[in-house]
Number of protein chains: 4
Amino acid sequence: MTERFILTVACKDQPGIVHAVSEVLLEIGGNIAESQQFYSPDSGTFFLRIEADATGSFEELEEKMAPVKERFDMKLGLYRKSDKVRTLIMCSKDPRTLNELLFNNHMGQLNIDVPLVVSNHQDLKQHAYFYGINFEQIPITKDTKPEAEARLLKIIDEYDIELVVLARYMQIFSDELTSKLAGKAINIHHSFLPAFKGARPYHQAHERGVKLIGATAHYVTEDLDEGPIIEQNVVRVTHSESAAELVAIGRNVEGQTLSKAVQWHTDRRVLMDGNRTVVFS
Amino acid sequence: MTERFILTVACKDQPGIVHAVSEVLLEIGGNIAESQQFYSPDSGTFFLRIEADATGSFEELEEKMAPVKERFDMKLGLYRKSDKVRTLIMCSKDPRTLNELLFNNHMGQLNIDVPLVVSNHQDLKQHAYFYGINFEQIPITKDTKPEAEARLLKIIDEYDIELVVLARYMQIFSDELTSKLAGKAINIHHSFLPAFKGARPYHQAHERGVKLIGATAHYVTEDLDEGPIIEQNVVRVTHSESAAELVAIGRNVEGQTLSKAVQWHTDRRVLMDGNRTVVFS
Amino acid sequence: MTERFILTVACKDQPGIVHAVSEVLLEIGGNIAESQQFYSPDSGTFFLRIEADATGSFEELEEKMAPVKERFDMKLGLYRKSDKVRTLIMCSKDPRTLNELLFNNHMGQLNIDVPLVVSNHQDLKQHAYFYGINFEQIPITKDTKPEAEARLLKIIDEYDIELVVLARYMQIFSDELTSKLAGKAINIHHSFLPAFKGARPYHQAHERGVKLIGATAHYVTEDLDEGPIIEQNVVRVTHSESAAELVAIGRNVEGQTLSKAVQWHTDRRVLMDGNRTVVFS
Amino acid sequence: MTERFILTVACKDQPGIVHAVSEVLLEIGGNIAESQQFYSPDSGTFFLRIEADATGSFEELEEKMAPVKERFDMKLGLYRKSDKVRTLIMCSKDPRTLNELLFNNHMGQLNIDVPLVVSNHQDLKQHAYFYGINFEQIPITKDTKPEAEARLLKIIDEYDIELVVLARYMQIFSDELTSKLAGKAINIHHSFLPAFKGARPYHQAHERGVKLIGATAHYVTEDLDEGPIIEQNVVRVTHSESAAELVAIGRNVEGQTLSKAVQWHTDRRVLMDGNRTVVFS
């Protein structure tokens, strides 16, 4: 009987890292199923991600990796592959992105467990219910923002949420909330960042006459639209599409891009290298 | 015996345009081989491009289109399909884009006649010569810019140049020269505009950690990097590519994008709608 | 007050077609909003599709086009743009393709009216109901095939069905049914036809070690997998994907490809040129 | 002072492989710069490719890997990264693919050293000369085929050729020659294999009315068009392109696809898994 574990490592580059980690895996009866690594010349950091099938237990893995972690001063992640990531999805009125996430999860393509969908509107309640997921409306106005965010934090705590996915939530978090969610919240921006930051990007794109429009999935940071990029995609458009048609065309690529980013994040394939991401896709 | 003509029309949208134009074509024994049109709600302009094989002469076409042009207050273009566009290519040191253009032209894929390649350096002389094309070096420094641009204008005049293609020329024209070349000069910017305007876009792209890099072919205008976009393309990259590797990857897509833009321009497929282009590709 | 009409024309190429059609449009106060044409050298056929906003009525259009149709011996199609196409969707157990179609239609991206979903299994009943659509199971075995097809024909008649969409229905129609549905049924084949015809195409693709997999939407004909192709797409894969993973990856592209084909068909953008399609996309 | 080495491994999957290899690398002062691995469930084979910068010598690497190779019964490849692959390019009349290869190599993007271009025609002599490469014409007719192939084998021997690239050579090798070149010759087929095997694939594609055309780079085997696929690409086409236009469109993608396959092969990124390839791109 084996169990599959995922290890992620980030540390200063130096000889012997792979040898040390592979020794631990040998000791717990592990066979490496997948392994990727990257050395970042920008930061001098070595990144490693391994999936291994082991006869030993997760506790043994943790115990034996402890001295290795200390020796190389690693930022170490150890996970059971079968553990799903507790995920809160937040949305507003547009169903496209929410539907893409919930359907893909229903089909077993995402590694998430979604106990709740939160929205500032009622419109998408039925979409959540169809997949057997609870729905809570948290209306938000300028005045009620502090309460709304407090309620959100309570939910994150109560439901044991590890990841917040903003599926076109369209509201900007306070700096305080943003900093609490650092590295744990993924947003979809409906443009090919860094082009067309800010509001109404499709209208900006139409105005500028671009020939491709895109979408960017990124971690939420205090600098709006400046967070580390996880995934981007584009789709070809022509002069003949209006701004409204760009919105419709873009919706598909938004959902696919966000869904891919969530899949990679929850498969522990995304590591941070400063404000850049290493994606072991 | 028939000859193929190209007609391009831009005028205020109103009923009867297609009917009037097709009547002229009937009168000169013309058969429509290709026809595309577009109404721009932004500007209220109607755009039309027709290729027709006619038994009548080009002069007859001009004569019979004259009253139609006046009636609808058209911006009208009439061309013989077989006429090649006199084109000056300007480059610097990197051969990729120049090679793509000259090779594609050699293969009959571009509709241009290139009497001369101009560069501020000597490096690419042999590339021009290989395709039997003259080469002239016009060195350029801060001090000699006025003379250099004067020489360039003289060349444009002497060689009867209709189109200037900046194949990574890497020098910025004076406002005066730019305004003289308005609508007649195509540049390739090595980023997916409007992202990463200005210098060293691949380094900016690497810094920002984008997952796609691109190239933009656009008309040269006084607002640097803000001219009407003709064509854009992107190519996928990952965290593992350095800025220098992005440069190498990008070179291919730059050449292809510029080549496509030149092909469309010289096939009279690009019409201007304010700062946007209508591309009847 | 204007109404938008769609005209499609296929006839022997000859001068004066566009002029004659545009004259009719002028007479009914029509303004051409979109127009595309193609001459097929293979068959000598001229194809035309026009969208026009007219002050005149549909009946006037029919009346005035009648002599033009006769004069040029046209295969003529006249439609109100606002008329939705009565569509029957048939599926089996896999929800992906059905969900893509129903969701896109729900978002207003398809021009169809779906009164019923038919399946040989019960699995997808809830997916139909979620979008407020009736569902009927018609189980099918070797022995019951004639009855099942008879029931299907009755449904097509009763519900006034104009288009049958096989969203991974996985059953092969009898020649008789196929010939009755000629030009009115669209299937999605889960490979890049003509590669990997027949059963289990993803397993064939894995076996052959291809680097791209695809999907093909085509009209159903008696020659299985040989019908006129409407749309194709591919997605990149690597050595690391198993046949089962190819199936999962392919499902997305299948749904998108079929959805696009249905959109084009119901927008009257697909004309037949022998066994090839002209797609005025 | 370090030197970069490449190691490729294929052997029966079993625990301890990575640990053993990384131990050797540690012993020769090696730091892993790049590492990829794959377990093929189809064949039970484990594949590994490592690039490492080492202070030790190549001879030390060979010596220390010898017992590891024996212990795991490895198919082992050891290379200096800086060693270029001696490559013979064969072509016929069409310059596109040859130009793409020679130009990319000139730009430092390919890891090949090309002492000679061979063709059955004279047409492309100047293209070879421009890049300072020798050119030899070996005319070939039904009768002279044995002599022509004998001359070819002599060249391969004299010039110490490791790789033969068929850049649209358009001649079919005898079974004898094919078997001698097994795994050492790469061909470009101008279709998306396995669709349109055999002659005139673009005409077949036009006839069938496909919406994408493609190119396939593959190793040459005795089964024509059935060799292991290294890389494939497609490009979108429409009803409006003639077979001749498909040929022109396809030429670009052919050159790019073949160039990429050559790059991967000579970077030792392509390992064989039966008739499939593992490409560590």
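Predicted model: local features only at pLDDT ≥ 70, side-chain atom pairs only at ≥ 80, totals over all residues.
Residues are numbered from 1 along each chain as its sequence is written, chains are lettered from A and ligands numbered from 1 in the order in which they are written, and side-chain values use heavy atoms, with hydrogens and water left out.

The interface of chain B with chain A is considered first. The size of an interface is often given as the accessible area lost when the parts come together. Buried area is here the accessible area (1.4 Å probe) that two parts lose on being put together, summed over both. Between chain B and chain A this area is about 2,900 Å², with 54% given by carbon and sulfur atoms. Three residues, R208(B), H239(B) and R276(B), supply 27% of the area that chain B buries against chain A, more than any other three residues. In terms of contact, defined as heavy atoms within 4.5 Å, chain B and chain A contribute 33 residues each.

Four salt bridges are counted between chain B and chain A, a salt bridge being a side-chain nitrogen of Lys or Arg within 4 Å of a carboxyl oxygen of Asp or Glu. The side chains of E226(B) and R208(A) form a salt bridge with an N to O distance of 3.5 Å. The interface of chain B and chain A also has 22 residue pairs in polar contact, both residues at pLDDT 80 or more. A polar contact is a pair of N or O atoms within 3.5 Å; within protein, one must be able to donate a hydrogen and the other to accept it, and residues adjacent in sequence count only if both atoms are side-chain atoms. On the side of chain B that touches chain A, at least two residues each come from α7 (201-208), β11 (229-236) and β13 (276-279) of chain B. Helices (H or I, at least four residues) and strands (E, at least two) are DSSP runs, numbered from the N terminus. The element β11(B) gives the most to this side, with seven residues. By residue class, the side of chain B that touches chain A holds 15 nonpolar, nine polar and nine charged residues. In this classification Ala, Val, Leu, Ile, Met, Phe, Trp, Tyr, Cys and Pro count as nonpolar, Asp, Glu, Lys and Arg as charged, and the others, Gly among them, as polar.

Chain B also meets chain C. Here the contact takes 17 residues from each of chain B and chain C, and the buried area is about 1,400 Å², of which 54% is given by carbon and sulfur atoms. The rule finds zero salt bridges between chain B and chain C, but five residue pairs are in polar contact. On the side of chain B that touches chain C, α1 (17-27) and β2 (30-40) of chain B are the elements giving two or more residues, and β2(B) has the largest share, eight residues.

Within chain A, the domain assignment, which is automatic or taken from a database, gives domain 1 (3-80) and domain 2 (85-279). Their C-alpha centres lie 31 Å apart. The two domains of chain A bury about 850 Å² between them, 56% of it on carbon and sulfur atoms. Of the area that domain 1 buries against domain 2, F47(A), R49(A) and Y79(A) supply 48%, more than any other three residues. Three salt bridges are counted between these domains. E34(A) and R269(A) meet through their side chains in a salt bridge of 2.7 Å, N to O.

Y131(C) lies between α4 (125-130) and β7 (134-137) of chain C, and touches N99(A), N99(C), L102(C), F103(C) and H106(C), not counting residues up to four places away in sequence. Y131(C) counts as buried because its relative accessible area is 16%, where buried means under 20%, exposed over 50% and partly exposed in between (1.4 Å probe, protein chains only).

Most residues other than glycine have a negative phi. R168(A), in the loop between β8 (163-166) and α6 (175-180) of chain A, has a positive phi near 60 degrees and is buried at 11% relative accessibility. R200(C), in the loop between β9 (185-189) and α7 (201-208) of chain C, has a positive phi of about 50 degrees and is exposed at 56% relative accessibility.
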